[in-house]
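Hi everyone, thanks for coming. Please have a look at the structure on the screen while I talk.

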Amino acid sequence: MHLSFAQQKTISGTVTDQDGLPLPGVNILVKGTKIGTQTGFDGEYTIAGNVGQVLIYTYIGQKETTRAIGTNNVINVQMEEDAEALDEIVVTGVARGTSTKKLGFALSKVSEESLQNVPAADPANALRGKVAGVRIVSPSGNPSSDASIRLRGSTSISGSQSPLIIVDGIITDGSLKDIAVENIESMEVIKGAAASSLYGSLAGNGVIQIITKKGRGKMQVTVKTEYGFSEIANDYDLSSVHPYKNDSQGVRMGDWDNDPSTPDTSNFGFDLSTGNRVLDDDAVFDNPYLTNNINNVDNIFTNQPFETNTVSIGGSKNDINYFLSAQRNETKGIIEGLDPYKRNNFRANFDVKASDKVTVKFNGSLAQTKGINVTEQGQGANVFYSGLVVEPFIDLQEKTADGEYSNVPSGYEVQGSNFQNPLYVLQNRRDGFDRQRMLLGASLNYDITDNFSFSAQQSLDQTIYSYKGIVKSGFITPTPSPTLNNGSITLNESKTSTLVSSMQLNYFTELSPDLNFAASLKYLFENRQFKSLNTSGYDFIAAQGVETIQNTPIDNRSVSSYYQKEIAKNYFVNVDLDYKDKLILNGLVRFDQSSLFGSDERNKMYYRGSLAYRLSQDLDINGIEEFKLRAAYGTAGQRPPAFNAQYETFTVNANSIVPGALGNTFLKPSETRELEVGLDIDFLDRFSFSTSYADTKTIDAMIQVPLSGVAGFSTQWQNIGEISSKYIEMSLSGNIIKNKNFSWDFQVNFDKGTQEITDLNGIAPFTRNTNSAIDIFRVEENLPYGTMFGQTFAKSTDQLITDNSGAVLNGTQGGTVSDYSVNSDGFVVLTSAIGTADEAPVKLYDEASNSDLISKIGDTNPDFNVGFSSSFKYKNLGLYVLTDWQQGGDIYNYTKQLLYFNERHIDLQTFGAAGKNQNYAQNIYNKSDPTDHFVEDGSFVKIREISLDYTLTGEQMNIDFIDSIKFGISGRNLFTWTNYTGWDPEVAIGQNPTNFRLDEFAYPNFRNYSFTFMIKF
């Protein structure tokens, strides 16, 4: 029988890989037509075609396969792995897209699958535990706050540790917070100067590039919703006893609040004649709260909902790839009565192949966020301070007759602290912001000839920020405040824009059959601007509710503005030599010019040289598919942190002009030099191992140096600092089991490093001001960056210092060494004082200064970090687990120290049980000066992420228009094993959270649980 070409029929079949496992998402196209389809979850497909036509099967990592339509209605295809296609192509740190197997430096790539298992709130948190050498710290659990990132060791002493963030080639000037994880296809991370030299003075802290999704194949619509709730992860143990007198009869001792309309809620001693509480005779913490035992922490920090809804559409048609996405996120955190953090994201990506030689790309995003600022460090209106300090006879949920929370709930006068009812504060103060951030990028690629290509890109990162702070008229503060009590308003507006233009010319040729040559020449122009307008006023004139600047007296108003502009020009040339696909040499030189550099230091050169040797191309090693040795040496840097650092500054007021900082026309960017060596191995067709060693030194680090009074100016920015680090990183990943029904994948990341300040050019050691009530972090030559200094309590009588007559100099109690011993808490005390009001720990003594010794008491740097992730798939069921382990790294628990002072910490109950009194605890409190007693080990093991999901395909449900439906449950920060006694060991202060780990009533990181539903059409 003869079949004509025009005879149409339906073809079905299954597509598998080289191991016989089904391949979902294989593109199948009828050659010469626009008819196409994709395989489903089980690798099955159906397509219509004519006998004699050819089907083309394409899939990433597999060789293209063709089959002719003949008499059979079933065509099963087993595809073959394409080794070259499997080489991951990366674009970060290189002049043009390059296979990872040909890189001479370390680059980590996080895949979409790893990111989407349990999508984090933002890309920074999505990196946790997934890349060796990357340290992520969330200094605040506030949903409005950013996580901080450090790649390897610190490269500055006074500046930022944050890496350069690039999104689809757009050099940004902002954080990762505004980017929806659901839109990310992959993330590329280069951690050191050797890898980031391509970006010069922008990239001394390394680079993270986000690659967003692109449309491929037939149109696919994805709808996803995630709903869950957050909760505080741990309890905070507080004392349930006090050292004050209780009424022996257990009855009220009078109307101590002088308000007959409110019943007394306390029945411990209160002297009406003096207004003071009365200490028990022994002043020991052993008197229970007899009446009320209110858990105010549970009343303030409650379970709160969060929700994320995403819809996207992507595909390709007629030489156009497109991806469109919209997302809305709303998160309330854990604080009762606080408005939620809201974020709306919109993204559009288009790739257009205008001709065989010209490709045009456009990508853009808009993020609209609304958030609340929450006071953390400090006392007074700090929610976390108040929640922990308040004693349990006070009910913070108490309301006044008009239905508002009381600022002075019953018993407030008894405690006599400076806390405020946080529920009252949240009801009467508004402290929030609106932010709009737009990222736009357009590029053109033109293949001039087979050897020459040209590309140009224009990008914009623009942020418009608006802040409003309102205090209602009549607001009550612990002590009278003329700027708050009659109402106040603060309005801040700012606009930041980064406009970058670039042009690049690429050349490629074969110098010989064995030697390939490539060169790139690029010019980059930056125009960065920042302007702000800040206004404030207090003491509202009109009635309540008129909250405008105009409603304040002119004399109480303040207005200021600021404008800054930076122009930078950058040039680089990059050369690559590839000998037999096994020996790859790279050389790079970059010249930077910036108006931030001092007028006498306008030019700076950065460079890189790298070598990769693919040993496996020369040697056939049994069980090893790829074995690469690599080495790179390169430089990068950071620009001066302030525009006005090169100029003199003055403060002008009505009566005088006061000099501020002295300008420095010789101020130049820092230079970070790094040697990186490593190896990469793929073995047994299922495992990959990578290790790197990096030796980094930053010279010309910028420090704001105090000047003598003779200079007339108080400070000057100078290039005088030097900081060094050494890091080793290892990563192992692979497939333990892989068959048709079951697979088990894993990845382990390990890093260990040191960082040390090696030179201050003669500047005396100083303690960093971190805007905390306590200054503790020491900057000194030959000490780790992150060293804590303070006083130390003696733990052995051998630590006592005596004079020539044998008298102990430590403390004020005198005696000889034989008069002292170690008490039950491990402190050296005067033996005769044990169990009395005079028992007090003794501190180490400094004979040179004739005072308590100030020395190193802690180091925030961890010993090592480990991240372990594992995913399991059994048929349609999937399980993913991510564990994060940090060993070592000290935290200064200033929260604990202040709870000693406020007589609320659980330790005081322990002291009381041992007969130790109020003076003993206050001696350890040490007048709020730093001591080693409040330095704690910050080691932890965390179950970061767990997800369990079940996927049904449209074929399994016999629904043609549905590709798949996925149901999932997940949890984040579920379990933490740690000896740290605070809420969470991941705590720091915002000024430098990756180095300065200090706990001062911070918003704790919380756990959450969620349910996810996703459908693809």
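Predicted model: local features only at pLDDT ≥ 70, side-chain atom pairs only at ≥ 80, totals over all residues.

Residues are numbered from 1 along each chain as its sequence is written, and side-chain values use heavy atoms, leaving out hydrogens and water.

Let's start with helix H9, residues 894-901. Helices here are DSSP runs of H or I with at least four residues, strands are runs of E with at least two, and both are numbered from the N terminus. In H9, 7 of the 8 residues are buried, meaning under 20% relative accessible area with a 1.4 Å probe, protein chains only. Among the elements covering them are helix H6 and strand S52, where contact means heavy atoms within 4.5 Å.

Next, the sheet. Three strands form an open, mixed sheet in the order S4-S1-S7; two strands pair if DSSP finds at least two bridges between them. S4 and S7 are at the edges, each with a single partner strand, so one side of each has no neighbour in the sheet. S1 and S7 run parallel over 2 bridges.

Finally, is Gln161 buried or exposed? Gln161 is buried, at 6% relative accessible area, in the loop between S12 and S13. Its side chain makes a polar contact of 3.3 Å with the side chain of Ser154; that term means N or O atoms within 3.5 Å, one able to donate a hydrogen and the other to accept it, with sequence-adjacent residues counting only if both atoms are side-chain atoms.

Notes. Buried < 20%, exposed > 50% of the residue type's maximum accessible area, 1.4 Å probe, protein only.
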